Amino acid sequence: MKKSIIDAPDLKAFLDAKVDQYNRPVFIETDPISIPRQYKKKQDIEIAGLFAAVLAWGQRVTIINKSNQLLALMENSPHDFLLHHQARDLNRFEKFKHRTFNGTDTLYFIKFLSHYFKRHESLEDLFRVPRHEVNIEPGLINFHRVFFSLVYPSRTRKHIATPERKSACKRINMFLRWMVRCDNKGVDFGLWKNISPAQLICPCDVHVERVARKLKLMGGKQVNWKSAVELTANLKRLDPGDPVKYDFALFGLGIEEKF
C-alpha cells in the first residue's frame, strides 16, 4: 500500500471507527438502500434493490423518489408484478424517466426480470463465482451476458456495466454489497450466502474516489475496473474478509464530512 496521509498503523483504526459511525440504521434514511428496505420478501428485495442501484445516479433524494415512483407502477409488489402482469399493464411504464434511463429501458428490465423469475428463485446464481476466485469479476461478466441474452434495445446496454468494458461497475457493486454483506448492523441485507464478502469490489462513486485518493488507497487518473480492484486490494490489507465495509467509511467521509 502506498504511504497514506494518515500513518499506516493508524489508518485501520481511523477507517474502522468511521465504519462504526456510518454503518448504522440511520444511514438508510437518505440512501438508496432505503428502497429495498421497504420489503420483506427475498425476491422483492432483490428486484427493488437492482432498480434502486441502477437508478443511483444524481442526488439521493431524487434517486429515492424515482425508485419509489417506479415500484409504485409495479403496485409495490415487484416480484408478483413480474410474474403475473398483463401486456396492457406495461403501458404505464412508457413515460417513466430518470436521467438517461427511460421507458424503453424500463420495459426491457421488466421483460428480462419477468423471464428470469418465472424460471429461477434468485438473482444470486447469475453472480455466483467459485470460492477460489479472487473477486466477483466473472460473476459481473456473467450477469451482463445473461441480462442481454434476450432481444434488447441497444440503448439499454449502457445501464448495466461490465468489467469487459473496463467499467468500475459502481452501481452493480453497490447492489452486491447490499445483497452479500452480513454484519447484523441493520444496513446491508446479507441475503446471499454463496458469495463471499471477500470477493466483493468496493463501489467507486465520486465521494469514495476523492477520499480514497487523498488516503493514497487508489492511484491512476481514471476510475475504471483496474482502479476499483486496486482500491479493494488495499482495503483487503485492512480487513481481508470484508474489505467493502470500508465503503461506509469512505462514502461517509466524502459526503457527510467533505473530507
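Does Phe 175 count as buried or exposed? At 0% relative accessibility, Phe 175 counts as buried, where buried means under 20% relative accessible area, exposed over 50% and partly exposed in between, with a 1.4 Å probe and protein chains only. This is a predicted model, in which local features need pLDDT of at least 70 and side-chain atom pairs count only at pLDDT 80 or more, while totals for chains, interfaces and linings use all residues. Residues are numbered from 1 along each chain as its sequence is written, and side-chain values use heavy atoms, with hydrogens and water left out.

**Helix α11**
- Among the buried residues of α11 are Tyr 246, Phe 248 and Phe 251.

**Aromatic pairs**
- Rings of Phe, Tyr and Trp (its six-membered ring) pair if their centres lie within 6.5 Å, with planes under 30 degrees apart counted as stacked, over 60 as edge-to-face and the rest as tilted; by this rule the count comes to 20 aromatic pairs.
- Phe 27 and Phe 248 form an edge-to-face pair, at 5.2 Å centre to centre and 75 degrees between the planes.
- Because Phe 27 lies in the loop between α1 and α2 and Phe 248 in helix α11, this pair ties together parts that are 221 residues apart in sequence.

**Charges over rings**
- A charge sits over a ring if NZ of Lys or CZ of Arg is within 6 Å of the ring centre and within 35 degrees of the ring normal; Lys 66 lies over the face of Phe 96, at 5.7 Å from the ring centre.
- Arg 157 lies over the face of Phe 148, at 5.3 Å from the ring centre.

How values were computed
Helices (H or I, at least four residues) and strands (E, at least two) are DSSP runs, numbered from the N terminus.
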